[in-house]
Amino acid sequence: MNISKKEHVKNLVVGCGLSGMVVAERIASQFGESVFIIDKRAHIGGNIYDEKEPETGVTVHRYGPHVFHTNDKQVWDYVSRFTEWHPFMSRVKAVVDGTEVPVPFNLNSLHALFPRTMATRIEGKLIAAFGFNTEVPILRLRETEEADLRQLADFIYEKVFAGYTMKQWGLTAEQLDSSVSGRVPIRIGRDDRYFRDTYQAVPSEGYTALARRMIDHSLIELRLNTNWSDVKETISYDRLFFTGPIDEFFDYKFGALPYRSLDIQFRNLPREFAQSGLQINFPCNYDFTRSVEYKYFMDEKTPHTTISREYPCAYSPGQNEPYYPIPSAENDALYRRYQQLASSLPNTYFLGRLASYRYFNMDQTVEAALQCFAKIETTLNWQK
Ligand SMILES: Cc1cc2nc3c(=O)[nH]c(=O)nc-3n(C[C@H](O)[C@H](O)[C@H](O)COP(=O)(O)OP(=O)(O)OC[C@H]3O[C@@H](n4cnc5c(N)ncnc54)[C@H](O)[C@@H]3O)c2cc1C
């Protein structure tokens with residue numbers, strides 16, 4: 001298709017990330033309609049894109065480490081049509097007082113950092129107050145009057161939470177919206193897994209292979225290196241699915257929605273392993289928040305290794321990537337103004353993390369895209 005002159009397409013999808021790929025796949029396979037996908041990047045997959053690092057042969061996730069995890073069997077079954085899985089349960093550690101301990105902070109972390117008698121005493125009090133195998137948000141634990149528990153809460157707050165928050169968000173823990181700070185849990189149990197979901201894995205041939213299979217359909221046409229702003233005047237459509245930033249779509253007319261970005265720096269090292277596991281967090285040391293060694297994901301056997309370090313930074317459009325929406329009442333109100341405009345446009349669907357100004361895990365992204373498709377399907381059936 002030549003989009004430099006006026007063209008009409010049936011379904012136009014802006015963004016070849018997970019959201020865009022799911023709706024494209026559904027429309028092509030279920031409606032038998034043609035879909036034209038554009039993406040401004042040079043590759044498919046959006047933020048789940050992975051590739052082999054040429055020097056070491058290790059599969060790296062270019063936009064940060066991704067573990068697929070869900071309790072939603074429908075979502076799991078849907079994504080499983082496009083990939084086999086390599087089972088993977090993430091265990092994250094943080095360096096606290098020079099020792100690597102599991103995070104979220106749990107009873108194993110407690111015993112690793114405190115003298116035995118003290119840890120045992122605090123463990124008993126935690127279980128008595130909250131029960132075994134429960135979670136308590138850090139801010140709730142800080143409200144306790146009990147001296148030992150209060151001391152523990154202050155310790156975790158200072159050594160695990162406050163420094164990480166400052167680096168990650170550029171805000172003090174007190175300035176951060178309670179929807180984020182209130183969620184950070186302490187786990188009163190021994191389960192070290194980062195996620196608790198029923199299904200946890202990474203695609204056995206990687207996310208890019210999964211993405212390729214998802215859009216491998218004769219009715220789907222893809223154009224990379226193509227920005228919506230460069231083609232919006234020349235291309236018309238019956239339906240538009242927009243998965244880019246919602247404020248950009250409306251030319252930032254109410255102002256830009258703020259994001260936090262990351263400078264992810266990759267390093268190849270001439271040794272087999274660089275660290276003890278996939279992800280090590282550094283709440284109190286260095287300027288980066290976490291170090292990721294990718295070969296752990298798929299047990300890749302290579303003589304050399306690749307790690308990445310994430311340096312959080314401010315987002316500036318065109319300069320770096322919008323990674324994390326910054327939750328606050330003000331930003332939410334700004335988003336709602338855009339959302340109101342969006343809802344008035346006929347045959348135009350805004351979906352995905354950037355158009356919804358929400359942090360979505362991959363399973364939530366897939367679920368939202370499937371729901372978007374289901375709504376259109378219901379309307380079409382109703383019209384028949
Ligand atoms: C650091 C990090 C780690 C994560 N780890 C996990 C994890 O472990 N597990 C998990 O479940 N989820 C994780 N996620 C979330 C996951 O990345 C998202 O759920 C998913 O990628 C969202 O897909 P999307 O299609 O909505 O957005 P995206 O993947 O961002 O896709 C949007 C696409 O639109 C394109 N686009 C934007 N604007 C334009 C334009 N103007 N013109 C043309 N194209 C445009 C972009 O180039 C991009 O390819 C993580 C997210 C981050 C930031």
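The lining of the largest cavity has 6 nonpolar, 3 polar and 1 charged residues; here Ala, Val, Leu, Ile, Met, Phe, Trp, Tyr, Cys and Pro count as nonpolar, Asp, Glu, Lys and Arg as charged, and the others, Gly among them, as polar. The model is predicted: local features need pLDDT of at least 70 and side-chain atom pairs pLDDT 80 or more, while totals for chains, interfaces and linings use all residues. Residues are numbered from 1 along each chain as its sequence is written, and side-chain values use heavy atoms, without hydrogens and water.

The residues lining the largest cavity include Thr59, His61, Tyr294 and Glu300. A cavity is a set of points, on a 1 Å grid over the protein atoms alone, where a 1.4 Å probe fits but cannot get out; lining residues have an atom within 4 Å of a point.

The shell around the ligand holds 35 residues, the closest being Asp39, His66, Glu248, Phe360 and Met362; a residue belongs if one of its heavy atoms lies within 4 Å. By class, this shell divides into 15 nonpolar, 14 polar and 6 charged residues.

| Residue | Atom of residue | Ligand atom | Distance |
|---|---|---|---|
| Leu18 | backbone N or O | oxygen | 3.1 Å |
| Asn227 | polar side-chain | nitrogen | 3.0 Å |
| Glu248 | polar side-chain | nitrogen | 2.7 Å |

The protein covers 97% of the 1000 Å² of accessible area that the ligand has on its own (Shrake-Rupley method, 1.4 Å probe).

Notes:
1 Å grid on protein atoms, 1.4 Å probe; cavity = no way out; pocket = protein on both sides within 12 Å on 5 of 7 lines; lining within 4 Å. Polar contact = N/O pair within 3.5 Å; in protein donor to acceptor, adjacent residues only side chain to side chain.
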